[in-house]
Amino acid sequence: MQQTAPVRGPLVWRDMDQKTLDDAYDQLVYAPNRDLVLARLAAASVVTCKTLGAPQRAAYGPSEHERLDIYRTSSPASGGKSAGAPVNVFVHGGAWLRGSAAETALTAETIVGAGAHAVIIDFINVGQSSGDLMPMAEQVSRAIAWAWSNAESFGGDRDRFFVSAHSSGAHLAACALSRGWRANNLPPDFCRGALLVGGMYDLEPVRRSARSAYVKFTDEMEEALSAQRHIDGINTPLILAHGTCETPEFQRQSRDFFAALKAKGKAAELLVAEGYNHFELFETMANPYGFVGRARLRQMGLA
């Protein structure tokens, strides 16, 4: 018997009806193994903390949410003008709703082992900010600025300062690199490179999706926090990455951001991971031979 094609509703974004768009910003629809992978990530983070020891916990602001974890290397990689080691600041994802430095500690071990300091930041989530993304973006920008400004205090070399991020964290990191650095009085070239994995760089379609149920989007927020609209402010060489099994919108967001960067003459590279979904690709960041793990070390000159 011939199956009847599902009835599509009115188009709300490009060629997508509301359900298709909602699904395209819901990673679980395209990654049914999400919870399994997240459990692996959490278990690996516990092992990392046992292996490296408890991180140095530092405050970059007055609230309980404004804290970051510093995992220091004992064998700094050579190459800097000072005796300090390179620094990589990681911004976690979690749909703006969840995630923490402790839960993503697994990203630190390869960095520390390669001779660099790993910094993983905590920040408020959108549920704690009454649906407003602006405080999250401001805190992430300020945390990155604190890590750069205070690099010498934990043995870091600010001349070899890098950022990496995943998912909604990649969105927030892109905001910091396009506009947030100015608000925190950082030099334009403060960051030597950033790896952004599975991020969102224009909030218009996100605003039209089911994520608007918990994010109180405004015109100001959409404009300010869409990094693709502020490319002139980006001075950092970027590596963008996505998996071929991610949602179609997450793939498109990376492609379009990359194209916009290249059109403006910015230094950018696009990596496409065949056969990886959103969470599987992030898991490779903890492996020096993994798809984005290798790219992160290569960008830092530590591969």
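## Nonpolar cores

The largest nonpolar core has 65 residues, and W96, L133, L196 and F257 make the most contacts inside it. Helix α5, residues 134-149, gives this core its largest share, 9 residues. Another core lies apart from it, with 31 residues, including F162, V197, A241 and L281. The model is predicted. In soluble globular proteins, nonpolar side chains tend to be buried together.

Leaving aside neighbours within four places in sequence, L196 is in contact with A165, A170, A173, A174, Y201, L238, I239, L240, A241 and F257.

D122 sits in the loop between β6 (117-121) and α5. Its relative accessible area is 14%. The cut-off for buried is under 20%, so D122 counts as buried.

What does D122 touch? Residues up to four places away in sequence are not counted here; the contacts of D122 are then R57, Y60, H65, E66, R67, L68, H92, S100 and A101. For A101 there is a distance: the D122 side chain reaches the backbone nitrogen of A101 at 2.7 Å. G156 is 34 residues from D122 along the chain, and the two C-alpha atoms are separated by 19 Å.

## Largest pocket

The largest pocket has a volume of about 630 Å³. Its lining has 31 residues, and L38, G94, A95, R98 and F279 lie nearest the centre. By class, the lining divides into 13 nonpolar, 11 polar and 7 charged residues.

Which helix supplies the largest share of this lining? That is α3, with 5 residues. At least two lining residues come from each of α2 (27-30), α3 (34-52) and α10 (278-283).

## Second largest pocket

The second largest pocket has a volume of about 210 Å³. Its lining consists of M134, A137, E138, S141, C175, A176, R179, G180, A183, N184, A224 and L225. The largest share, 5 residues, comes from α6.

The lining of the second largest pocket divides into 7 nonpolar, 3 polar and 2 charged residues.

## Helix α11 and the residue after it

Helix α11 spans residues 291-299. Its buried residues are V292, G293, A295, R296, L297 and Q299. Just after α11 comes G301, with a positive phi of about 75 degrees.

How values were computed. Residues numbered from 1 in each chain as written. Predicted model: local features only at pLDDT ≥ 70, side-chain atom pairs only at ≥ 80, totals over all residues. Heavy atoms only, no water. Core = buried A, V, L, I, M, F, W, Y, C linked by side-chain atoms within 4.5 Å. Buried < 20%, exposed > 50% of the residue type's maximum accessible area, 1.4 Å probe, protein only. Helix = DSSP H or I, 4+ residues; strand = E, 2+ residues; numbered from the N terminus. Contact = heavy atoms within 4.5 Å. Polar contact = N/O pair within 3.5 Å; in protein donor to acceptor, adjacent residues only side chain to side chain. 1 Å grid on protein atoms, 1.4 Å probe; cavity = no way out; pocket = protein on both sides within 12 Å on 5 of 7 lines; lining within 4 Å. Points joined across faces, edges and corners; volume = space filled by probe spheres on them. Nonpolar A, V, L, I, M, F, W, Y, C, P; charged D, E, K, R; others polar.
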